[in-house]
Structures are given as C-alpha cells and as structure tokens.
Amino acid sequence: MEKNDLRSAVMAELKAHAGTCEKKQGEAMLYGMLFATPQWQNAKTIGTTISMGFEVDTGPIIHQAFKEGKAVALPRVESPGLMAFYLWQAGDPLIASKFGILEPDPLHAEKIPPECIGLLVVPGIAFGLRGFRIGFGGGFYDRYLAAFHGDTVALALPWQIRSGWVSGIHDIPVGLVLQAPLH
C-alpha cells in the first residue's frame, strides 16, 4: 500500500475511534508503559506535542512530566520544513500554526537545542514494526530526527500498527514504539 493511501486509511480509523472507551483504555496502557521505561525515568526534559483530538492525548504526558519535576519542550515550525523545540510551562501562551497545531509563543518560551531533550515522544499516524513511521507528510520530524541523538519513543494504538509499506530513504525510525494491545 502507498504511504499516502495508508495515511488516509489510518487517519479515518483514528478519527472514528476519537473519544471512544477503546481509545481511552489504550492510551491509559500506553502512559503506564511509557512512564515505566528507563528512557522516561532518566530524562530531565521531555519533548512532545500538544495533540489533536484524534491522536494519542499528550495532556497526561505533559502533566506527568511536570508532576515529576521534568521540563517540557514543545515544537514550533521555524521555516518551511524545519522545526525547533521550546521550553514550555503550564499557562504559557500557545499559538495555532497554519496546520492548526498549538505551538509555543517564541516571545514567551526559550528555544533549546536538540541535545537538551532527554526523551522525544514522536507523533505519527501509522507505525511499522522496525520503528518507521508515517507522519502527516511534511517531513518535519524526519528532518529533526536526522540531527537528534537522544532517546525517541512513539505511542501506538492498535489500529496504528501496520505492515506492507516501504519506508523512504529520508525516513528516520523511532527508537521504541510502545503498542497498546487489542482488547
């Protein structure tokens, strides 16, 4: 299956499961698995996104990071195809990007270099078994991951794990894909 076709098919499934008990149960399992990893426990700064409604909810990840005294860094599109991460505190302003994604306001947040992020929670639409992912198609994370040497993790609901697609030459795999089991 072509990546664009698979992206569309999994997006439809994600949207169909948004707000369901099955999604909430899967997310709860994923959070438990994430917080138990040595990567999470050893990281002082967690890089993540502000999720959209159909994605795995990152709110509990951000809340847990703050509860444990970890710093949180959120991405912001800097120029076409490139993004950077900014330290973010609860209550700091967020601005909607042209993609509708909430990003830190650079006037109220400090940009940090990749080496300051201990664990990067990488979003995606679909995931293969070797850590490769299909994102939204802009290549932002693949470009960022090319220069990122810290730990990476992705959280996958059961309907996001797919095979039968070929990764591209610029695709960068995620170090660990945590998978919620089917019920």
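In this predicted model, D142 and R133 are both buried, and the two residues form a salt bridge in which the closest N and O atoms are 3.9 Å apart. Side chains of opposite charge can pair when their charged atoms come close. The side chains of E103 and R76 meet in a salt bridge with an N to O distance of 3.3 Å. Because E103 belongs to strand β5 (residues 102–104) and R76 to strand β2, this pair ties together parts that lie 27 residues apart in sequence. E103 and R76 are both buried. K70 forms a salt bridge with E68, with 3.9 Å between the closest N and O atoms. Here K70 has a relative accessibility of 9% and therefore counts as buried, the cut-off being under 20%, whereas E68, with a relative accessible area of 38%, is partly exposed.

W40 is itself one of the 33 residues of the largest nonpolar core, in which L34, W40, I46, I61 and L155 touch the most other members. Two or more residues of this core come from each of the helices α1 (3–17), α2 (21–36) and α4 (59–67), and likewise from each of the strands β2 (71–79), β7 (119–121) and β10 (151–156). Another core, which lies apart from the largest one, has 18 residues, including I117, F127, F140 and V174.

With 15 residues at 1.5 Å a residue, α1 should span 21 Å, and its end C-alpha atoms are 21 Å apart, so the two values agree. The buried residues of α1 are L6, R7, V10, M11, L14 and H17. These residues cover an arc of only 135° around the axis, and therefore they lie on the same side of α1. The face turned away from this buried side carries N4, K15 and A16, which are exposed. Among the elements that cover the buried residues of α1 are helix α2 and the strands β8 (126–127) and β9 (133–134). Just after α1, G19 takes a positive phi of about 80°.

Notes
Residues numbered from 1 in each chain as written. Predicted model: local features only at pLDDT ≥ 70, side-chain atom pairs only at ≥ 80, totals over all residues. Heavy atoms only, no water. Core = buried A, V, L, I, M, F, W, Y, C linked by side-chain atoms within 4.5 Å. Buried < 20%, exposed > 50% of the residue type's maximum accessible area, 1.4 Å probe, protein only. Helix = DSSP H or I, 4+ residues; strand = E, 2+ residues; numbered from the N terminus. Salt bridge = Lys/Arg side-chain N within 4 Å of Asp/Glu carboxyl O. Expected span 1.5 Å × (residues − 1). Arc of directions from axis to C-beta. Contact = heavy atoms within 4.5 Å.
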